[in-house]
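Work through the exercises below with the sequence and the 3D view at hand. Try each task before reading its solution.

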Amino acid sequence: MFPAAARLLLLSLAVQGGLCATVPTATLSNGVKMPVIAAGVWEYNSTTAEASVKAALSVGFRHIDTAHDYGNQDGVGKAIAESGLPRDQVFLTTKVP
């Protein structure tokens, strides 16, 4: 597994390099299309999770995957809030204990 900084760099290069030019979506029962590729924050502390989510959103990701047990919700939430994106354009998926 790559260190967090390397994963952020690879994520940015993949999106900016056009490797993820069209993200596949799934249509939900209400007709909303949700991206099926998400940026994850597993094993990140709050500071790293915040930086990771900010980077992901800045390069075009609109789906963030997290979990209660990761303990980094404050960093994820701060990054989403500070992104300036309308909340209805960001998908957040989680796992509950």
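**Exercise 1. Classify glutamate 82 by its accessibility, and find its salt-bridge partner.**

The model is predicted. Step one: the relative accessibility of glutamate 82 is 48%. Step two: the buried class ends under 20% and the exposed class begins over 50%. Because 48% falls between these limits, glutamate 82 counts as partly exposed. Step three: glutamate 82 forms a salt bridge with lysine 54, and their closest N and O atoms are 2.9 Å apart. Step four: glutamate 82 belongs to helix α3 and lysine 54 to helix α2, so this pair ties together parts 28 residues apart in sequence.

**Exercise 2. Trace the network of salt bridges that holds Glu50, Lys54, Lys78 and Glu82.**

Start with the general idea: side chains of opposite charge can pair when their charged atoms come close. The structure holds four salt bridges.

- Glutamate 50 meets lysine 54 through their side chains, at 3.0 Å from N to O. Both residues lie in helix α2, four residues apart, which is about one turn of the helix.
- Glutamate 50 also meets lysine 78 in a salt bridge, at 3.9 Å from N to O. This pair links distant parts of the chain, with glutamate 50 in helix α2 and lysine 78 in helix α3, 28 residues apart.
- Lysine 54 pairs with glutamate 82 as well, at 2.9 Å.

Joined up, these pairs link Glu50, Lys54, Lys78 and Glu82 in a network.

**Exercise 3. Decide for glutamate 50, lysine 54 and lysine 78 whether each is buried or partly exposed.**

Glutamate 50 has a relative accessibility of 15%. Because this is under 20%, glutamate 50 counts as buried. Lysine 54, with a relative accessible area of 36%, is partly exposed. Lysine 78 is partly exposed too, at 41%.

**Exercise 4. Describe the overall fold, then the largest nonpolar core.**

Step one: count the elements. The protein has three helices and five strands, and along the sequence they follow the pattern α-β-β-β-α-β-α-β.

Of the 97 residues, 32% count as buried. Among contacts with a separation of 6 or more, 64% are between residues 24 or more positions apart. The accessible surface comes to about 5,900 Å², and 60% of that belongs to carbon and sulfur atoms.

In soluble globular proteins, nonpolar side chains tend to be buried together. Here the largest nonpolar core has 14 residues, and those with the most contacts inside it are Val41, Val53, Leu57, Ile64, Val76 and Ile80. Helices α2 (46-58) and α3 (73-82) each supply at least two residues of this core. The largest share, four residues, comes from α2.

Step four: take one member. Apart from its neighbours within four places in sequence, valine 76 is in contact with Val41, Ala49, Val53, Ile64, Thr66 and Leu92.

**Exercise 5. State what sets the phi of glutamate 43 apart.**

As a rule, most residues other than glycine have a negative phi. The phi of glutamate 43 is near 70°, a positive value in a residue that is not glycine. Glutamate 43 lies in the loop between β3 and α2. Its relative accessible area is 54%, so glutamate 43 is exposed.

Note on methods
Residues numbered from 1 in each chain as written. Predicted model: local features only at pLDDT ≥ 70, side-chain atom pairs only at ≥ 80, totals over all residues. Heavy atoms only, no water. Core = buried A, V, L, I, M, F, W, Y, C linked by side-chain atoms within 4.5 Å. Buried < 20%, exposed > 50% of the residue type's maximum accessible area, 1.4 Å probe, protein only. Contact = heavy atoms within 4.5 Å. Areas by Shrake-Rupley, 256 points an atom, 1.4 Å probe, with all protein chains shown as cover.
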